[in-house]
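The entries follow the order in which I went through them.

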Amino acid sequence: MLFADIDILDENLDLQTHRWVGVRDGHIAYLGKQAPAGAEAEAYGEVYDGRGKLLVPAFYNAHAHAPMTLLRGYAENLPLQAWLNDMVWPFEAKMTPEDNYWATLLACAEMARYGVVSFSDMYYATDERVRAVVESGLKANICESELYFEPKPFADYASCAAVEEYVRKYHGAADGRILIDYNIHAEYTSNPQTCKDIAAVVKEKGLRMHLHASETKSEHEECKQRHDGLTPLQYFASIGVLDVPTTAAHCTWCEPADFDLMVEKGVFAAANPASNMKLGSGYAPIPAMLEAGVNVCLGTDGMASNNNHDMMQDLYLLALLYKGSTGDPSVVTPKQALAAATRMGALSQGREDCGLVRAGMKADLAVLDVTGPSWAPRTNPLVNMVYAGHGSDVVLTMSDGAVVYRDGAYPGIDVERAKAEVETRTKRIISEV
Ligand SMILES: [Zn+2]
């Protein structure tokens with residue numbers, strides 16, 4: 001495809017007007033002020049009229065639980081522990097592998113619709129999740145969850161052999177769209193002995209870790225009581241877990257000493273502002289983390305605590321809420337927020353060649369229709385995007401050069417079937433719990 005005469009946010013997220021962007025073999029092959037020369041232009045195939053559009057890097061959702069789409073609207077107005085123990089876990093116990101497949105497929109549709117091309121997904125049913133993501137055309141870093149309450153070698157847990165098999169089958173599958181990460185759900189659902197073993201395995205394999213840390217105040221404080229004053233991240237560091245590339249979701253209650261540790265270890269903090277607010281977990285110290293130099297990325301979390309995969313809503317919250325919570329309107333600039341939702345998310349997934357509109361990068365792009373009333377005047381389209389834009393402004397989403405959403409159509413997904421399956425399956429599960 002050749003995007004013709006289109007405004008873009010470039011690799012520095014600066015506006016460039018009237019550009020030509022050529023996509024070939026999954027990559028941005030051409031970016032210029034003029035159309036490529038005749039014969040070369042034809043090699044890109046379809047010419048996309050870019051007038052009235054804004055081309056931006058697509059979003060990378062750094063923390064999700066895609067199958068939890070089934071739980072949208074099911075567990076409301078509850079604090080985290082009651083939400084988990086009384087509602088979420090009993091519901092999840094009734095979910096079949098096929099339930100996970102259909103919920104993931106619908107999550108992929110929703111994400112594609114809102115400009116997301118890739119997500120880091122922590123859940124069960126890896127085979128079914130991988131199948132859904134591959135079909136959808138999106139990408140994902142998939143990790144298989146297990147709760148490690150009992151102190152015993154990792155090898156004695158079922159997930160040890162299972163994840164090894166997933167790595168063998170899926171890591172790098174679909175031209176690298178699928179990557180397999182390792183997972184420790186959280187400090188409070190695991191034990192040091194098993195976690196040390198897992199860290200050693202991840203290090204040996206050269207893979208990545210995705211975990212929850214300091215989501216709630218009680219989790220953070222109870223960890224300190226259990227581990228001689230160590231916060232969850234300090235505890236994980238003490239047993240070697242942060243010696244591998246790690247995404248730590250939430251970090252809501254992290255302390256200044258944690259920020260230094262995250263910078264030292266290169267940990268990615270996945271902010272989930274909507275989820276943290278909805279569950280009353282608090283406000284992560286994102287301005288202080290950015291100030292300290294922590295890698296901040298952005299996630300939607302699961303649909304029981306958000307309740308949507310519209311990254312532009314989380315983007316809006318990330319840029320806005322800290323101005324209110326700190327009383328300082330200069331914190332978290334629109335550009336910092338957008339970088340968290342794009343390039344930093346790609347890096348958190350180990351996707352170095354993704355997340356920037358630059359020749360040679362993977363063609364992971366979102367096109368926004370900027371002709372609506374909330375986009376005028378065009379004094380600063382980046383600021384318009386963050387504070388006045390909506391996910392529904394996305395009219396085209398491209399993942400590795402392939403269109404995964406365009407003008408209401410989903411090339412890899414039967415979205416009507418996915419919606420109907422999710423509806424039926426959710427009713428069945430609710431009748432069983
Ligand atoms: Zn989570």
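How are the donor residues of the zinc ion spaced in sequence? I worked on a predicted model, and in it I read the spacing as H-x1-H-x146-H-x88-D.

**Entry on the zinc site.** I listed the protein donors of the zinc ion as His63 (NE2), His65 (NE2), His212 (NE2) and Asp301 (OD), which lie 2.1 to 2.7 Å from the ion. I then looked up the angles among the four donor atoms, which run from 79 to 172 degrees, and I noted the site as irregular. A tetrahedral site would need all angles between 85 and 135 degrees. Histidine 65 sits in the loop between strand 6 (59-64) and helix 2 (80-92), while histidine 212 belongs to strand 11 (residues 209-213), so this pair ties together parts that are 147 residues apart in sequence.

**Entry on aspartate 301.** I placed aspartate 301 in the loop between strand 14 and helix 13. With its neighbours within four places in sequence set aside, I found aspartate 301 in contact with His63, Ala64, His65, Glu215, His250, Asn272, Ser275 and His309. I also took the C-alpha separation between aspartate 301 and valine 263, which comes to 23 Å for residues 38 apart along the chain.

**Entry on histidine 250.** Histidine 250 is buried, with a relative accessible area of 1%, and its phi is near 85 degrees, a positive value in a residue other than glycine.

**Entry on other backbone features.** I kept in mind that most residues other than glycine have a negative phi, and that most peptide bonds are trans. Aspartate 5, which lies in strand 1, has a positive phi near 55 degrees, and I noted this residue as partly exposed at 22% relative accessible area. A cis peptide bond joins asparagine 306 and asparagine 307, with omega about 5 degrees, and asparagine 307 lies in the loop between strand 14 and helix 13. I recorded another cis bond from alanine 376 to proline 377, with omega near 0 degrees, and I located proline 377 in the loop between strand 15 (365-369) and helix 16.

**Entry on helix 14.** Which residues of helix 14 (residues 334-341) are buried? I found Pro334, Ala337, Leu338, Ala340 and Ala341 to be buried there, and they cover an arc of only 155 degrees around the axis, which puts them on the same side of helix 14. The elements covering these buried residues include strand 1 (2-9), strand 6, strand 14 (295-298), helix 13 (311-326), helix 15 (343-348) and helix 16 (381-388).

**Entry on the domains.** The domain assignment gives domain 1 (2-58 + 362-406) and domain 2 (62-348), and I read the distance between their C-alpha centres as 29 Å. The contact takes 25 residues from domain 1 and 25 residues from domain 2. Between them the two domains bury about 2,100 Å², with 66% of it on carbon and sulfur atoms.

How values were computed. Residues are numbered from 1 along each chain as its sequence is written. This is a predicted model: local features need pLDDT of at least 70, side-chain atom pairs count only at pLDDT 80 or more; totals for chains, interfaces and linings use all residues. Side-chain values use heavy atoms; hydrogens and water are left out. Donors are N, O and S atoms within 2.8 Å of the metal (3.2 Å for Na, K and Ca); water is not among the atoms, so sites may look incomplete. Four donors count as tetrahedral if all angles lie between 85 and 135 degrees; four count as square planar and six as octahedral if opposite donors are over 155 degrees apart and all others between 65 and 115; anything else is irregular. Helices (H or I, at least four residues) and strands (E, at least two) are DSSP runs, numbered from the N terminus. Buried means under 20% relative accessible area, exposed over 50%, partly exposed in between (1.4 Å probe, protein chains only). The arc is that of the directions from the helix axis to the C-beta atoms. Contact means heavy atoms within 4.5 Å. Domain bounds come from an automatic or database domain assignment. Buried area is the accessible area (1.4 Å probe) that two parts lose on being put together, summed over both.
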